[in-house]
Amino acid sequence: MNERLHKLQSSPYVSRMGVRFDDHGDELTAILPYDEWLIGNPLIPALHGGAIGAFMEITASAGLLAFTELAALPKPIDVAVDYLRPGKPQDVYARASITRQGSRVANVRVDAWQERRASPIASLHGHFLIKPIKSGG
């Protein structure tokens, strides 16, 4: 895991949520371990949509940090989340894909799932302000 990704994981916000990253080659899977405090509706019970959205935004930033040489943490410009089905009281997994990257803005898509990746519980599309490390002199 690169140093910038480690800094993200150890930030108070990310560590409070318990988010972990599983890095294998060119794939980075983010994991949101289930915890009772993540429940938004105890009658169903279902995970809080804000927790799922925050987790996916963290995953997008992690994907940018893992696969792009950045001088600083990416900053969200705008984020849209589609909630597709209720999150069950269990772990959530997510992966980010960078759909387009310019010199200042990157477009990222994140899918989050629980039991099967083919059945996502939510998806995110966001634009992030980035500051790539300049190469050369």
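Ser123 sits in strand β8, where strands (E, at least two residues) and helices (H or I, at least four) are DSSP runs numbered from the N terminus. The model is predicted, so local features need pLDDT of at least 70 and side-chain atom pairs count only at pLDDT 80 or more, while totals for chains, interfaces and linings use all residues. Residues are numbered from 1 along each chain as its sequence is written, and side-chain values use heavy atoms, with hydrogens and water left out.

Is Ser123 buried or exposed? Ser123 counts as buried because its relative accessible area is 4%. The cut-offs are under 20% for buried, over 50% for exposed and in between for partly exposed (1.4 Å probe, protein chains only). Setting aside residues up to four places away in sequence, Ser123 touches Met56, Ala80, Val81, Asp82, Leu84, Arg109, Val110 and Asp111. Contact here means heavy atoms within 4.5 Å.

Strand β8 covers residues 122-129 and also holds Leu129. Leu129 counts as partly exposed because its relative accessibility is 37%. Together with Ile77 and Val105, Leu129 forms a nonpolar surface patch with about 220 Å² of accessible area. Patch residues have over 30% relative accessible area and no salt bridge; nonpolar side chains (Val, Leu, Ile, Met, Phe, Trp, Tyr) are joined within 5 Å, like charges within 9 Å. A salt bridge is a side-chain nitrogen of Lys or Arg within 4 Å of a carboxyl oxygen of Asp or Glu. The areas come from the Shrake-Rupley method with a 1.4 Å probe, and for residues only the protein chains shown count as cover.

Turn now to helix α3. Glu57 lies in this helix. Glu57 is partly exposed because its relative accessibility is 30%. Beyond the residues up to four places away in sequence, Glu57 touches Pro76, Val79, Leu124 and Phe128. Glu57 and Phe128 are 71 residues apart along the chain, yet their C-alpha atoms are separated by 10.0 Å.

Thr59 also belongs to α3, which spans residues 49-67. Thr59 counts as buried because its relative accessibility is 3%. Again leaving out residues up to four places away, Thr59 touches Ala30, Ala94, Arg95, Ala96 and Val110.

Two local details remain. Arg16 lies over the face of Trp37, at 4.2 Å from the ring centre. Such a charge has NZ of Lys or CZ of Arg within 6 Å of the ring centre and within 35 degrees of the ring normal. The peptide bond from Ile44 to Pro45 is cis, with omega near -20°. Pro45 lies in the loop between β3 (39-41) and β4 (46-47).
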